[in-house]
Amino acid sequence: MASLFEKDIQFLKGVGSKRKLLFEKLKVPTIGALLRLYPRNYEDWSNCTSISDAPLNVPCCIKATVVSPVNERIIRRGLTLYKVRVCDDKSSLNITFFNNRFVKSQLKIGEDFLFHGIVKKKSNLYEMASPTFMKFSCCLPMRPIYPQTHGLNSRQIESAMKQALLLLPEKIKDPLPAEILKKYNLCDLRFAIENIHFPNDQDSLNKARKRLTFEELLLLQIGLSRMKLNNRKQNKFKVEADFSEEFWSLLPFSPTKAQRRTVKECINDMISDSSMQRLIQGDVGSGKTAVAAALCYTAIKSGMQAAIMAPTEILARQHFNFFRKIFEPIGIKVEILTGSTTKAKKRRIKDYLEVNAINLIIGTHALLSDDVYFSKLGLVITDEQHRFGVAQRAKLAAKGRKPHVAVMSATPIPRTLAMIIYGDLDISILDEMPPGRQNVDTFFVAGDKRIRAYNFIKKHLDEGRQAYIVCPLVDENESDLLSAEQYAKKIETEFFKDYKVGLLHGKMSARDKKYIMDAFSNHDIDMLVSTTVIEVGVDVPNAVIMLIENAERFGLSQLHQLRGRVGRGEHKSYCILISDNKNQDTVRRLGIVCQTNDGLKIADEDLKMRGPGDFMGARQHGLPDLHIAGLIKDINILNDSKNAALDILKEDSSLSLEKHSVLKAEMKRLFGEIESSISC
């Protein structure tokens, strides 16, 4: 099958050069890649119902006979209706197609078809609009629904897939050794590929999905383990002494036990024979920035330069202010480099970095520019790691000669899952909050209670406090949700006339964002209406209320991150989640956020409710795409694949045995480019 990844998809029957461009939009340049484009869902055509027994307003499948010719009716230019009547033994059904002239030649009187769509009833007449259909004699029990792009629909992909399956060799070399297949009760690769696309029944689909998910996660974990081994090369920036206690004495507060423990773990790595490669995971407000500062201090005192990369200019500037306040009085030179830094200042900063006249540089993606050079880069820290990727982290690290690397994340991920998602890193967890960090009382209310929530905000604004309101949209679109811009204007004119309301969103220039955030920090603005641009890094201790509109549109970890923007000062703080969504799962999810302020507990509950698939999206961007593992619901598959990976590497860490030759080739195809970028 490996050779099919070298065959251009345009040579597949029915594709050609024009359609090839559409497939490439789906990241499918080859026939092999097409076979790994798995359905996102399936239409069940195996359970047919009669017209009169069909459930109304939900998708269903009906077997019926065409009893009338297709009637064509032009409504206006660009809209033509095609109507046909079908019957079964009991009832009739009127079907309407829009702008589909082909149905005239496809639906012949007297022929039996299956129609898949939504049945509606109007004046005792059954109706269906634009169903998918197929001849009863050609029926597939489960029909795949593929990810689509404009100009390339699921049926066209299905047709190409049937052609691709015909090109599979009779005997496919399986990357999974026979003993792994047997031990974990997995089907062979041919069965899996055939039945993930065109399953014979639900049981066959389950077997195919389990096998392919297992394989994908196994490859991911072996690849991450090999990257981890590759990163554990000689320590070129060995720290001779631990300066952390000296650093702690510079702070106006005492570190927590968790902060001390985490710094010790990191510095032990930096003292060892191998360079540090560590994830520092901690809840909102757990003190990750102070940990980063302690590591930077030790690195700089040991003669190195340090770099901290943040995902937003707001967060980078906040870090800059914090580090400069601590370090510059003791002679450590700190600078900031972002997209909005002037050309003249950029040039000066780059010159100083190259001659070691800057000890610590803090910046955004601007640090990755090809013309940024370091004299002695020994420590690289990326903040909010989920916003970056493996390749970006590697590019910054490549500006030094195997520097120590720490990545920080406040995204709550259960530890067992974090060990898989970040399998190329050692993990330290900040599981203790600094003294004085308060719990935020959280309430979930319906939209009709919004005015009461506004009055609650006014009460606190009158006491001299400040508030945030977060909206999920920036611009108005097809939904009925107000954009942040409209929302700010509406509440300023209708509800908060006597208060200063500001607006912050991602489409604003860096200069405008800085102006608004400075105004909010200085209390020139009472209430800030914002999108999720404030999700990380914003620290205004006087802000005590976070109101989140349309809360059902946010993930639990995102809600937890947003809530973390308040409760940072001495005043009691609150979070209000507003949603009119009555879905039982939504109500339960939002209820979890109200019940606890513990990010890991929230993550654990989310894991129980939704399965680990959603968390896999939080893995490091730049790794091989997870085509099917992102859909997993069973944590056992994760654990089994991890155990299998450990067994394989324990027996054959270089994958040099003959039985691992296909596995090694697959690893090279998926991880070759990443491993080379990591090792540079």
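**Cores, a central strand and aromatic contacts**

Good morning. A search of the whole structure finds 0 disulfides. Please bear in mind that this is a predicted model. As an example, Cys-594 takes part in no disulfide, and the nearest cysteine sulfur, that of Cys-575, lies 7.7 Å away. Cys-594 counts as partly exposed, at 25% relative accessibility, whereas Cys-266 is buried, with a relative accessible area of 0%.

I turn now to the nonpolar cores. The largest of them holds 50 residues, and the members that touch the most others are Phe-214, Leu-218, Ile-222 and Ile-361. Helix α7, residues 202-231, supplies the largest share of this core, with 8 residues. Apart from it lies another core, of 43 residues, including Val-291, Met-304, Ala-316 and Leu-379.

What does Ile-361 touch, not counting residues up to four places away in sequence? Its contacts include Ala-306, Ala-307, Ile-308, Leu-353, Leu-367 and Phe-374, and also Glu-335.

Next, strand β11, which spans residues 277-282. Of its 6 residues, 6 are buried. On one side these are Gln-277, Leu-279 and Gln-281, and on the other Arg-278, Ile-280 and Gly-282, so both faces are covered. Strand β11 pairs in the parallel sense with β16, residues 404-409, over 5 bridges, and Leu-279 stands opposite Val-407 in β16. With β17, residues 426-430, strand β11 likewise pairs in the parallel sense over 5 bridges; here Arg-278 stands opposite Asp-426.

Finally, the aromatic residues. The whole structure contains 16 aromatic pairs. One of them joins Tyr-454 and Phe-496 edge-to-face, at 5.5 Å centre to centre and with 70 degrees between the planes. This pair links distant parts of the chain, 42 residues apart: Tyr-454 belongs to helix α15, and Phe-496 to the loop between α16 and β20. Tyr-454 is buried, at 3% relative accessible area, and Phe-496 is buried too, at 0%.

The rings of Phe-456 and Tyr-574 have centres 5.0 Å apart and planes at 85 degrees, so this pair is edge-to-face. Phe-456 in helix α15 and Tyr-574 in strand β23 are 118 residues apart. Phe-456 counts as partly exposed, at 26%, while Tyr-574 counts as buried, at 17%.

Two charged ends also sit over rings. That of Lys-458 is 5.6 Å from the centre of the Phe-496 ring, and that of Arg-669 is 3.6 Å from the centre of the Phe-5 ring. Thank you.

Methods. Residues are numbered from 1 along each chain as its sequence is written. This is a predicted model: local features need pLDDT of at least 70, side-chain atom pairs count only at pLDDT 80 or more; totals for chains, interfaces and linings use all residues. Side-chain values use heavy atoms; hydrogens and water are left out. A disulfide is a pair of cysteine sulfur atoms within 2.5 Å. Buried means under 20% relative accessible area, exposed over 50%, partly exposed in between (1.4 Å probe, protein chains only). A nonpolar core is a set of buried Ala, Val, Leu, Ile, Met, Phe, Trp, Tyr and Cys residues joined through side-chain atoms within 4.5 Å. Helices (H or I, at least four residues) and strands (E, at least two) are DSSP runs, numbered from the N terminus. Contact means heavy atoms within 4.5 Å. Two strands pair if DSSP finds at least two bridges between them. Rings of Phe, Tyr and Trp (its six-membered ring) pair if their centres lie within 6.5 Å; planes under 30 degrees apart count as stacked, over 60 as edge-to-face and the rest as tilted. A charge sits over a ring if NZ of Lys or CZ of Arg is within 6 Å of the ring centre and within 35 degrees of the ring normal.
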